[in-house]
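Hi everyone, thanks for coming. Let me put it up on the screen.

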Amino acid sequence: MSEEKTNLGRRNVLRLIATTAAAVPVIGCSEKVAQKVVVEEDKPAAKPAVKNLDAPKQTLARGTPTDPDLLNPVVPWEMQLDAGELAVLAALCDVIIPADEISPSASSVGAQNYINEYVSAPYANNKADFVTVRGGVVWLDGESRRRFDAPFIELSESQKTAICEDIRWTRTAKPEFRAGARFFAKIRVLTATAFYTTEEGMADIGYLGNRPMASFPGAPPEVLKRLGLDS
């Protein structure tokens with residue numbers, strides 16, 4: 001195997017994933033679930049009220065899940081994770097995507113807040129992930145105290161990395177680390193999603209979309225060559 005393939009590094013792998021992902025759902029609900037979201041009506045009285053034929057029909061207000069106001073986004077649910085849990089997540093996010101010479105760390109662009117918003121959503125998938133994340137934070141802090149007699153946020157970078165090395169891959173994790181590995185896998189995906197959908201994250205991978213262009217020169221020659229499309 002060539003040196004180029006063996007020295008990708010964790011951050012470069014995340015950049016590669018970010019550049020090739022077609023779309024990542026922000027809220028983990030299915031289309032069928034979204035279609036069922038309606039404005040809540042009052043329960044009918046014991047006797048049916050006289051219908052007002054002149055009253056306007058009830059419609060979804062702007063800003064609901066099926067009609068979002070993207071310029072002024074509003075999250076209609078309460079955040080479930082507390083400040084202590086967010087601090088642990090912020091430290092873990094920075095192990096996954098630390099600051100470098102190109103861009104800031106994941107926590108500095110609010111990755112931990114995105115995770116909180118995601119797992120707090122009132123949908124089945126998100127509720128399941130909430131259990132995974134909250135339980136994982138407890139596990140991570142407990143493992144930190146067991147190994148190094150200190151909470152995760154107080155560990156050195158090498159100590160944090162040592163724990164993450166044991167939970168970095170669910171297929172190779174030892175039995176005692178498999179729960180932690182499932183937690184880490186979820187946080188890794190959510191952290192990358194949060195980071196690479198910010199302006200800083202898109203700049204990190206050189207994303208130039210969503211900008212007006214007078215002309216489109218096409219893909220660079222080196223990219224076409226790599227894909228075997230240069231002939």
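Let's begin with a patch on the surface: Val223, Leu227 and Leu229 form a nonpolar one, with about 290 Å² of accessible area together. A word on terms. Patches take residues with over 30% relative accessible area and no salt bridge, joining like charges within 9 Å and nonpolar side chains (Val, Leu, Ile, Met, Phe, Trp, Tyr) within 5 Å. The areas come from the Shrake-Rupley method with a 1.4 Å probe, and for residues only the protein chains shown count as cover.

Please keep in mind that this is a predicted model, where local features need pLDDT of at least 70 and side-chain atom pairs count only at pLDDT 80 or more, while totals for chains, interfaces and linings use all residues. Residues are numbered from 1 along each chain as its sequence is written, and side-chain values use heavy atoms, with hydrogens and water left out.

Leu229 sits in the segment after α10 (221-226); helices here are DSSP runs of H or I with at least four residues, strands are runs of E with at least two, and numbering starts at the N terminus. Is Leu229 buried or exposed? Leu229 is exposed, at a relative accessible area of 54%, since buried means under 20%, exposed means over 50%, and partly exposed is in between (1.4 Å probe, protein chains only).

Now to the inside. In soluble globular proteins, nonpolar side chains tend to be buried together. In this model, the largest nonpolar core has 37 residues, and those with the most contacts inside it include Leu89, Ile115, Val133 and Phe183. The elements that give two or more residues to this core are α4 (83-96), α5 (111-120), α6 (124-148), α7 (157-167) and α8 (178-195). By core I mean buried Ala, Val, Leu, Ile, Met, Phe, Trp, Tyr and Cys residues joined through side-chain atoms within 4.5 Å.

What does Ile115 touch, leaving aside neighbours within four places in sequence? Ile115 is in contact (heavy atoms within 4.5 Å) with Leu89, Cys93, Val133, Ile187, Leu190 and Thr191. Cys93 is buried, at 0% relative accessibility, and Cys164 is buried too, at 6%. As for disulfides, meaning cysteine sulfur pairs within 2.5 Å, the count is zero.

On to the charges. There are eight salt bridges in the structure, each a side-chain nitrogen of Lys or Arg within 4 Å of a carboxyl oxygen of Asp or Glu. Helix α6 holds Asp141 and Arg145, four residues apart, about one turn of the helix, and their side chains meet in a salt bridge at 3.8 Å, N to O.

Glu143 lies in helix α6 and is buried, with 7% relative accessibility. Beyond residues up to four places away in sequence, Glu143 touches Ile163 and Phe177. Arg146 bridges to Glu143 with the closest N and O atoms 2.6 Å apart, yet Arg146 is exposed at 58%. Asp166 pairs with Arg147 at 2.5 Å between the closest N and O atoms. That pair links distant parts of the chain, with Asp166 in helix α7 and Arg147 in helix α6, 19 residues apart.

One last stop: Asp149, in the loop between α6 and α7, has a positive phi of about 55° although it is not a glycine. Asp149 is exposed, at 71%.
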